[in-house]
Amino acid sequence: MRTSKKYTNATFTHRVDHEGGAHRGPRAPRGPLICERCGAMYLRRRWTLHPPAAASLEAVADPRPTICPACRMIAAEQFSGEVRISGAFAAAHQGEIERLIQGEARRTADDNPTARIVHIDRNDGRITVRTTTEHLAKRLGEALHKAFDGIVHYGFSHENKFAHVTWTRD
């Protein structure tokens, strides 16, 4: 199909990410690290909650204490995802919804301990959940939609790593 749209240089120019990589922070040093607050271990360039098998314990004989990125974000009250839950159903079933959210966050932490809930606000039957990663926010929206149906909308920022998820059911 032909189009009459005039192509300009702006059509093909890549958008510049002015804050590219700012969400990552400094790179963790090599060697085993352990978070003083949550007990997560950094080994082989990956954060994990489960200690390695007994055969490889020699490699982590003396981990250095540190604070993991998730604990830093929680302490600074920074968040990269926000889930807004509203509607008459949400007000009537607030306890069930919160149990679902907490359970999904626990399952996510098994794979990625840096994905956590920063804060949960409750106002007049509305719930706002702030998360340390945009992936957890998306996963919470998917879990709400799967469990309770309703209408879910995902919005992702292109300039920085942030996700807005809204779920509603009347």
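# Questions on a predicted protein model

Me: At what distance does the backbone oxygen of Thr114 lie from a polar atom of the side chain of Thr132?
Reply: This is a predicted model, in which local features need pLDDT of at least 70, side-chain atom pairs count only at pLDDT 80 or more, and totals for chains, interfaces and linings use all residues. Residues are numbered from 1 along each chain as its sequence is written, while side-chain values use heavy atoms, with hydrogens and water left out. A polar contact is a pair of N or O atoms within 3.5 Å; within protein, one must be able to donate a hydrogen and the other to accept it, and residues adjacent in sequence count only if both atoms are side-chain atoms. For the backbone oxygen of Thr114 and the side chain of Thr132, the distance is 2.6 Å.

Me: Which backbone nitrogen does the side chain of Thr132 reach at 2.8 Å?
Reply: Thr132 has its place in the loop between β7 (126-131) and α5 (134-148), where helices (H or I, at least four residues) and strands (E, at least two) are DSSP runs numbered from the N terminus. Contact means heavy atoms within 4.5 Å; beyond its neighbours within four places in sequence, Thr132 is in contact with residues including Ala70, Ile74, Ser80 and Val118. At 2.8 Å, its side chain reaches the backbone nitrogen of Arg116.

Me: Is Thr132 buried or exposed?
Reply: Buried means under 20% relative accessible area, exposed over 50%, and partly exposed in between (1.4 Å probe, protein chains only). The relative accessible area of Thr132 is 3%, so this residue is buried.

Me: How many helices and how many strands does the secondary structure of the protein comprise?
Reply: Read from the N terminus, the elements follow the order α-β-β-β-β-α-β-α-α-β-β-α-β-β. The total comes to 5 helices and 9 strands.

Me: What distance does helix α4 reach from its first C-alpha to its last?
Reply: Helix α4 covers residues 94-111, which is 18 residues. The expected span of a helix is 1.5 Å times one less than its number of residues. For α4 the expected value is 26 Å, and the helix comes close to it, reaching 27 Å.

Me: Which elements do the buried residues of α4 pack against?
Reply: An α-helix has 3.6 residues a turn, so residues three or four places apart point the same way. The buried residues of α4 include Ile97, Leu100, Ile101, Glu104 and Thr108. They pack against β5 (81-86), α3 (88-92), β6 (117-123), β7, α5 and β9 (163-168).

Me: Which residues does Gln102 touch, not counting those up to four places away in sequence?
Reply: Gln102 has its place in helix α4 and, at 34% relative accessibility, counts as partly exposed. Its C-alpha is 9.4 Å from that of Leu140, 38 residues apart in sequence. The residues that Gln102 touches are Ile117 and Ile120.

Me: Which strands stand at the edges of the open sheet of 4 strands?
Reply: The open sheet has the order β3-β2-β1-β4, with mixed pairing. Each edge strand has a single partner, so one side of it is left without a neighbour in the sheet; these strands are β3 (47-48) and β4 (64-66).

Me: Why does the pair of Tyr42 and Trp47 count as tilted?
Reply: Rings of Phe, Tyr and Trp (its six-membered ring) pair if their centres lie within 6.5 Å; planes under 30 degrees apart count as stacked, over 60 as edge-to-face and the rest as tilted. The whole structure holds 5 aromatic pairs. In the pair of Tyr42 and Trp47 the centres are 5.1 Å apart, and the pair is tilted because the planes stand at 50 degrees.

Me: How many residues apart are Phe79 and Phe162?
Reply: The rings of Phe79 and Phe162 have their centres 5.8 Å apart and their planes at 55 degrees, so the pair is tilted. It links distant parts of the chain, with Phe79 in the loop between α2 (69-76) and β5, Phe162 in the loop between β8 (151-156) and β9, and a separation in residues of 83.

Terms used: Two strands pair if DSSP finds at least two bridges between them.
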